[in-house]
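User: Could you take me through this model? I would like to begin with the charged side chains.

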Amino acid sequence: KEVKFKDASKISGWAKKYVKQCQMAGIVNGDNGSFNPKGKATRAEVATVMYNFCENYMTYIYDFESQEGQFVAK
C-alpha cells in the first residue's frame, strides 16, 4: 500500500520513484508520515532499512559441511 509522505515535495526528482518503490516494498516507512529527505539517517534507521530489505528479499543459506554462509535473493 502506497503511503504519501507529507514532505514528498522535498524529495529530489531523480529519487522519487526509488523512494516510492522502497516504501511500497516495505523497506522504508518514514517517520510520523514524513520521509525527511534532507535529514541524516541514524545508525538505527539504516539498520532498520537493511533489516527490512534482508527480511523481505534475502535468505541466508548456511552450509554446515563447508561452514560457510551466503545471502541469496528470495
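**Salt bridges and overall layout**

Analyst: Glu2, Lys4 and Lys20 are linked in a network of salt bridges, a salt bridge being a side-chain nitrogen of Lys or Arg within 4 Å of a carboxyl oxygen of Asp or Glu. This is a predicted model, in which local features need pLDDT of at least 70 and side-chain atom pairs count only at pLDDT 80 or more, while totals for chains, interfaces and linings use all residues. Residues are numbered from 1 along each chain as its sequence is written, and side-chain values use heavy atoms, with hydrogens and water left out.

User: How many salt bridges does the structure hold?

Analyst: The structure holds two. In one, Lys4 pairs with Glu2, and the closest N and O atoms are 3.5 Å apart. In the other, Lys20 pairs with Glu2, with the closest N and O atoms 3.7 Å apart. Lys20 lies in helix H1 and Glu2 in the segment before H1, so this pair ties together parts that are 18 residues apart in sequence. Helices (H or I, at least four residues) and strands (E, at least two) are DSSP runs, numbered from the N terminus.

User: Is Lys4 buried or exposed?

Analyst: Lys4 counts as exposed, at 67% relative accessibility. Glu2 is partly exposed at 32%, and Lys20 is partly exposed as well, with a relative accessible area of 42%. Buried means under 20% relative accessible area, exposed over 50% and partly exposed in between, with a 1.4 Å probe and protein chains only.

User: And what is Gln23 in contact with?

Analyst: Leaving aside neighbours within four places in sequence, Gln23 is in contact with Lys1, Glu2, Val3, Phe5 and Val28, where contact means heavy atoms within 4.5 Å. Gln23 lies in helix H1, which covers residues 16–24. Gln23 is buried, with a relative accessible area of 8%.

User: Let us step back. In what order do the elements run?

Analyst: From the N terminus on, the elements run α-α-β-β, and there are two helices and two strands in the protein. The radius of gyration is 16 Å, well over the 11 Å that the globule rule gives for 74 residues, so the protein is more spread out than a compact globule. That radius is taken over C-alpha atoms, and the globule rule is 2.2 Å times the number of residues to the power 0.38. The C-alpha atoms fill a box of roughly 50 × 25 × 20 Å, taken along the principal axes.

User: What share of the 74 residues is buried?

Analyst: Buried residues make up 14% of the 74. The protein exposes about 6200 Å², and carbon and sulfur atoms supply 55% of it; accessible areas come from the Shrake-Rupley method with a 1.4 Å probe. Among contacts between residues at least 6 apart in sequence, 38% join residues at least 24 apart.

User: Back to charge for a moment: how many positive and negative side chains are there?

Analyst: There are 11 positive and 8 negative side chains, and the centres of the two sets lie 17 Å apart. Lys and Arg count as positive and Asp and Glu as negative, while His and the chain ends are not counted. Each charge is placed at NZ of Lys, CZ of Arg, CG of Asp or CD of Glu.

User: Which residues have a positive phi without being glycine?

Analyst: Examples include Asn36, with a positive phi of about 60°, and Gln67, whose phi is near 55°. Most residues other than glycine have a negative phi. Asn36 lies in the loop between H1 and helix H2 (43–57). Gln67 is found in the loop between strand S1 (58–63) and strand S2 (68–73), and Gln67 is exposed, with a relative accessible area of 60%.

User: Now helix H2. What about Met50 and Arg43 there?

Analyst: Met50 is found in helix H2 and counts as partly exposed at 48% relative accessibility. Met50 and Val28 are 22 residues apart in sequence and 9.4 Å apart in space, C-alpha to C-alpha. Arg43 also has its place in helix H2 and is exposed, with a relative accessible area of 79%.

User: Last one: where is Trp14 found?

Analyst: Trp14 is found in the segment before H1. Trp14 is exposed, with a relative accessible area of 67%. The C-alpha atoms of Trp14 and Phe35 are separated by 15 Å, and the two residues are 21 apart along the chain.
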